[in-house]
Every structure is written in C-alpha cells, then in structure tokens.
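Okay, thanks for coming, everyone.

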Amino acid sequence: MPGMGGAARIVSIEGIARRFPGLTVFQDLWFHVDRGEFVCLVGHSGCGKTTILNILAGLDVPDEGGVLVDGREISGPSLDRAVIFQGHALMPWLSALENVAFAVSCRNPGWDKARVRDAARAALARVGLTQAAERKPAQLSGGMKQRVGIARALAVEPKLLLMDEPFSALDALTRGTLQEEVSRLVTEAGQTAFMITHDVDEAILLADRILLMTNGPEARVAEVVQNTLPRPRARANLHHMPGYHPLRDHIMDFLITRSRTLAGKPPEGWDSRRPPVVVPAEA
Amino acid sequence: MAAKGEAWRAALLSALLLAVLLGAWEWAVKGGGGPGGPTVDAELAALLSPAAAAGGQTAMPAPSDIGARLVELLRDPFHQRGTNDQGIGIQIAWSLWRVMAGFLLAAAIAIPLGFVIGMSPLLNAALNPFIQVLRPVSPLAWMPLALYTIKDSNISSIFVIFICSIWPMLLNTAFGVASVRKEWLNVARTLEAGRWRTAMRVILPAAAPTILTGMRISIGIAWLVIVAAEMLVGGTGIGYWVWNQWNNLSIADIVIAILMIGLVGLLLDRALGLVARAVAWQE
C-alpha cells in the first residue's frame with residue numbers, strides 16, 4: 001500500500017469525512033479498489049455506508065478529503081462510475097428496453113436509434129430479460145426490475161460498478177439468484193466493483209476484500225478481510241469450501257460485538273491509512 | 001361481467017331518473033301549473049315567447065317545448081343572419097376559439113415558467129407571493145383593466161381566459177417538477193445526461209401527469225369563465241347568446257344553452273383526460 005498506487009489502483013479514497021454540526025459520521029477514511037477487484041463494505045446502518053457510496057458516485061461531496069479515480073480527483077458523477085441503486089430507480093414511463101437504451105444513448109450520443117436499441121437489447125439479454133424487454137417496470141417482478149437496473153449499469157461499460165445494497169429489497173430466493181448472476185457478469189467482464197451490503201454471505205460470495213466498518217458516529221474501517229476462497233464460487237457449495245466457516249465467523253463476530261466495542265476513538269498507534277488486514281480463511 | 005352488469009344498471013337508473021325529472025317538469029308546467037302557478041297576461045305572453053303563448057300560463061317551457069326548440073336550433077346551427085341572429089353552433093365555436101386561444105397561450109407560458117420555478121427553490125420563493133396574491137382574484141376583475149389597456153373586447157376576453165387558466169397550470173407544473181424523485185435525477189446525473197436531456201427525458205415525463213391535472217383544472221375554469229366574460233363583453237359567443245335569450249325571455253333557449261355549455265365542458269375535460277391517460281405511468 002505505500003506509495004500512491006501503481007497502475008492496478010483504480011480508486012483511492014483519501015481521508016474523506018462527513019460531519020454534521022456536533023456529529024462526525026466518519027472521518028479520516030482511507031481505502032482503495034484495484035482494477036478487476038470486487039470490494040464489499042460491511043457495517044451496520046448509521047455508519048455512513050450509503051454516504052460513502054454516494055461520494056464515490058459523485059452524487060455527494062465529502063466535507064474533507066477526496067476521491068481519486070485513475071489518479072485524478074473526481075468532481076461529480078461520471079459514466080465511468082455506474083450505480084446500481086437500492087430501489088432499482090427505473091423510470092416507470094419507459095419500458096425495460098427504453099430504460100437501458102436511455103443509458104446507452106447517454107454513453108454513446110453519436111449512435112443512431114437502431115444501434116442504441118440493439119446494444120440495449122444485448123444488455124438485457126445478458127441478464128436474461130430478452131422476453132420482458134417491452135414491458136414497463138410496473139409489469140416486472142422485483143427481481144426482474146433489479147436485473148434491468150444491472151443491465152442499465154453494465155450497458156455503459158463503467159470503469160467502476162457501484163452497488164448500494166442492491167438486493168436488500170428482494171426475497172431470499174431471488175436475492176440468491178441475482179447474487180450469482182452479478183458474480184458471473186462481473187467475472188466475465190473483469191469488472192471492478194464496489195458494493196455495500198449487510199449480508200455476510202453475499203460479501204463472501206462476491207468480494208475479494210471485505211472492509212469492516214465500526215458503528216457510527218466516528219465510524220472507521222476497523223479491518224480489511226481478505227477473502228481467499230477460490231473462484232468460481234457458487235452459493236450451492238460456498239459453505240462446503242474450506243475456510244468458509246472461519247471467514248464467516250470472523251465477520252459475524254465483528255458485526256455482533258466488535259463493530260460496537262471498537263467504535264469511537266481509535267486505539268493508540270492507529271494508522272487510518274493502513275487498517276489491519278486479516279485472512280481468516282487461512283487460519 | 002359483474003362490472004358490466006353494474007354499469008348497465010347504473011345507466012338504467014340514470015335514464016329512469018331523467019324520465020321522472022322530465023315527466024314531473026312537463027306535468028308541473030302543462031298540467032299542474034293552473035291556478036297556483038305564476039300567471040302571465042296573454043298579450044304579454046304572446047310578446048314574450050311562443051312557449052308562454054301556447055301554454056297561456058307561464059314563461060317556463062316544458063321539456064317537450066325545449067325539445068322542439070332544440071331540433072329547430074340544431075337544424076341549422078351555423079346560420080348567420082346579421083349580428084343578432086347567428087346559429088348556436090357559431091356561438092359555441094366563438095366561445096371555444098376564445099377559450100382555446102387563452103388556454104394555449106397560458107399553457108405556453110405557464111408550463112415553461114412552472115418548470116423553471118419547480119427546478120429553482122430560489123425562484124419559487126421569490127415568485128410565490130405574486131402567485132398567491134394574484135391567484136384568488138376573480139378573472140372578471142381583470143376585465144375593466146383589460147378593456148382599458150387592450151381596447152378590443154375580443155382580445156380582452158381571451159386575456160381573461162389566459163389569466164384565469166395560467167395559475168393551476170403554473171402551480172401544478174412547478175409542483176410536479178419539484179417533486180420528481182431524487183433517485184431518477186441521480187440516475188440522470190450518473191449517466192451524465194446533461195440539463196436539457198434530463199429536463200426532457202426525465203423531469204417532463206415524470207411530471208407530466210401532474211401537469212395534465214393542472215391543464216384539466218385550467219380548461220374547466222376557462223370554460224366557466226368564458227360564459228361570464230361574454231355576458232359582459234357581448235357581441236358573440238355562447239355567453240352573449242344566453243344573455244340575449246334572457247333579454248328575449250326565451251327560457252327554452254337558455255335551458256338549451258345550459259345543456260350545450262355542460263356538454264362542451266364535458267367534452268373538453270374528456271379530451272384532456274385522454275391525453276392524461278396517455279402520459280400516465282404507474283410504479
């Protein structure tokens with residue numbers, strides 16, 4: 001980590017803070033995402049997770065610090081950072097295809113209508129929605145809506161895919177299917193991704209690294225967990241993989257007790273730029 | 001099937017109510033209006049209206065007289081024999097033309113202005129006092145001012161329609177634009193959609209149902225106001241025609257005019273209702 005990064009580093013979060021009068025949600029927050037890497041941020045609500053994602057997306061501005069993407073400080077939202085929103089955020093007056101086509105035409109303003117539609121159709125096909133392309137969001141199930149959201153985000157071919165608890169509103173079965181779908185799509189495309197979640201198994205299935213955040217106020221990344229479970233991972237055999245249980249137990253312990261006990265003032269000698277890295281699966 | 005049966009029964013009941021109402025009216029005028037009812041001198045009655053002369057008792061026509069008069073009027077609704085003898089169709093057309101001119105002019109200003117007000121909280125707060133003071137003013141109160149400054153009675157009545165139909169459209173557009181979901185705007189921002197594209201492709205369709213509601217309210221008010229305005233200004237139009245028939249004491253014509261005004265108002269509302277349905281969306 002020393003030295004600002006090399007070619008592999010795509011995103012650097014450098015000392016960002018969010019303050020309200022009399023309240024610091026988080027401060028002095030540092031982490032990075034490497035090219036092709038999948039990073040999950042896990043923590044309880046109230047630690048500013050969504051704010052961090054919005055800052056990464058450029059929808060929000062930190063009170064201190066900054067975000068570098070490809071070595072340049074960001075100044076707002078960009079097509080290079082696509083967001084899959086928690087509540088799908090599809091436009092209800094557009095069909096599934098038109099929702100994706102809107103994104104495609106924003107990315108490629110020079111393309112004619114037919115070319116935009118073809119690209120949108122292809123993006124929908126990748127999430128298995130060819131049949132439902134002409135339907136309005138109101139006529140789609142929750143899982144299908146979120147698939148359209150995924151197709152829309154991937155259709156702009158972003159450098160970084162940002163996801164804010166994208167499956168939290170879905171039922172358990174649909175959530176599982178979509179997690180595997182995202183895992184497949186991200187792996188296929190070598191997509192760099194950053195996701196916020198509070199679902200431990202989701203983080204273990206998808207992430208290469210898992211950032212554990214303490215409870216707010218003054219939340220910080222207390223630990224970085226390396227997920228060494230081999231890929232491809234599937235939900236069906238995830239819990240049979242060697243190392244799964246220590247990994248899961250470690251994160252659960254953190255969420256249940258240590259996220260609380262570690263909260264507040266950092267310990268003596270704490271280096272916010274280098275939180276401890278743990279590899280529980282190898283223990 | 002049940003809903004269809006219900007509709008038929010409602011229609012049957014409506015027809016029955018109408019028949020009872022018309023029957024009672026017919027009986028009250030022709031049969032029961034004898035000694036108790038208001039009597040009119042035969043010579044005066046002959047001067048006043050054919051219906052009164054025929055009944056010999058009252059100027060109030062029976063439904064059958066009105067029906068006969070309606071057939072007579074509709075036989076040649078567009079005739080023009082001098083300034084005071086023009087068909088009812090011509091009069092309605094005059095009123096419609098004034099309403100459409102004033103209404104479209106108001107829409108052309110209210111919708112873009114409402115858009116700007118809805119997007120800018122500053123402008124909203126700055127213009128709000130003016131809107132709040134001007135909105136409750138009866139449109140007819142503008143009439144003398146309009147006549148004095150414009151000096152043309154026809155354009156003055158169009159101005160009165162304009163001033164009365166601008167407020168609901170302005171307020172509804174501003175409200176609709178201001179309450180567009182943040183998440184849709186965020187989608188547009190992350191797609192770098194730009195101001196114009198966001199306005200036309202996201203904000204306008206999102207606010208369209210609210211804007212259409214404003215337009216429906218406006219056209220309803222405009223149609224109410226045109227009758228009163230034409231009564232004041234005179235010359236042409238269904239309002240003038242009603243006043244003219246009052247001066248002739250031909251109550252049948254007044255009843256027919258009321259019916260016509262109601263029907264045209266219904267058609268105007270239905271026409272905008274169709275547009276509203278076309279731009280409606282559901283979550």
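So, α2(A) goes past α4(A) in a right-handed crossing; a crossing counts as right-handed if the near helix is turned clockwise from the far one, and left-handed if it is turned anticlockwise by less than a right angle. When I say helix, I mean a DSSP run of H or I with at least four residues, and a strand is a run of E with at least two, numbered from the N terminus. Quick housekeeping: this is a predicted model, where local features need pLDDT of at least 70, side-chain atom pairs count only at pLDDT 80 or more, and totals for chains, interfaces and linings use all residues. Residues are numbered from 1 along each chain as its sequence is written, while chains are lettered from A and ligands numbered from 1 in the order in which they are written.

Back to that pair. The angle between α2(A) and α4(A), residues 142-155, is about 20 degrees, and their axes sit 8 Å apart. Axes here are lines fitted to C-alpha atoms, for helices over the stretch in contact, with angles from 0 to 180 degrees between N-to-C directions. The two helices are therefore roughly parallel; that label needs an angle under 35 degrees, while over 145 is roughly antiparallel, 65 to 115 roughly perpendicular, and the rest oblique.

Who touches whom? From α2(A) we have A:Ala96, A:Asn99, A:Val100, A:Ala103 and A:Val104, and they meet A:Val148, A:Ala151, A:Arg152 and A:Ala155 of α4(A). Contact means C-beta atoms, placed from the backbone, within 7 Å. By class that's 7 nonpolar, 1 polar and 1 charged, where Ala, Val, Leu, Ile, Met, Phe, Trp, Tyr, Cys and Pro are nonpolar, Asp, Glu, Lys and Arg are charged, and the others, Gly among them, are polar.

Now the interface. 19 residues of chain A contact 15 residues of chain B. On the chain A side, the elements giving two or more residues are β6 (81-84) and our friend α2 (96-107). That side has 16 nonpolar, 2 polar and 1 charged residues.

Over in chain B, take α5 (residues 88-119) and α8 (residues 153-178): their axes come within 6 Å and cross at roughly 30 degrees. That makes α5(B) roughly parallel to α8(B). The crossing is right-handed, and the contact residues split into 23 nonpolar, 7 polar and 1 charged.

Next, α9 of chain B, residues 182-190, packs on α10(B) at about 165 degrees, axes 11 Å apart. So α9(B) is roughly antiparallel to α10(B). B:Trp184, B:Leu185 and B:Ala188 of α9(B) make the contact with B:Thr198, B:Val202 and B:Ala206 of α10(B).

What does α10(B) itself look like? With 39 residues (195-233), a straight helix would span 57 Å at 1.5 Å a residue, but α10(B) spans only 45 Å between its end C-alpha atoms. The expected span is 1.5 Å times one less than the number of residues. There's a kink of about 50 degrees at B:Ala208, shortly before B:Pro209; the bend is the angle between axes fitted to the seven residues ending there and the seven starting there. Just after α10(B), B:Gly234 takes a positive phi of about 75 degrees.

Last, two chain A loops. The A:Arg231 to A:Pro232 peptide bond is cis, with omega near -5 degrees, and A:Pro232 is in the loop between β10 (221-226) and α7 (235-238). A:Asp70, in the loop between β4 (64-69) and β5 (72-73), has a positive phi near 55 degrees despite not being glycine.

Terms used
Two residues are in contact if their C-beta atoms, placed from the backbone, lie within 7 Å.
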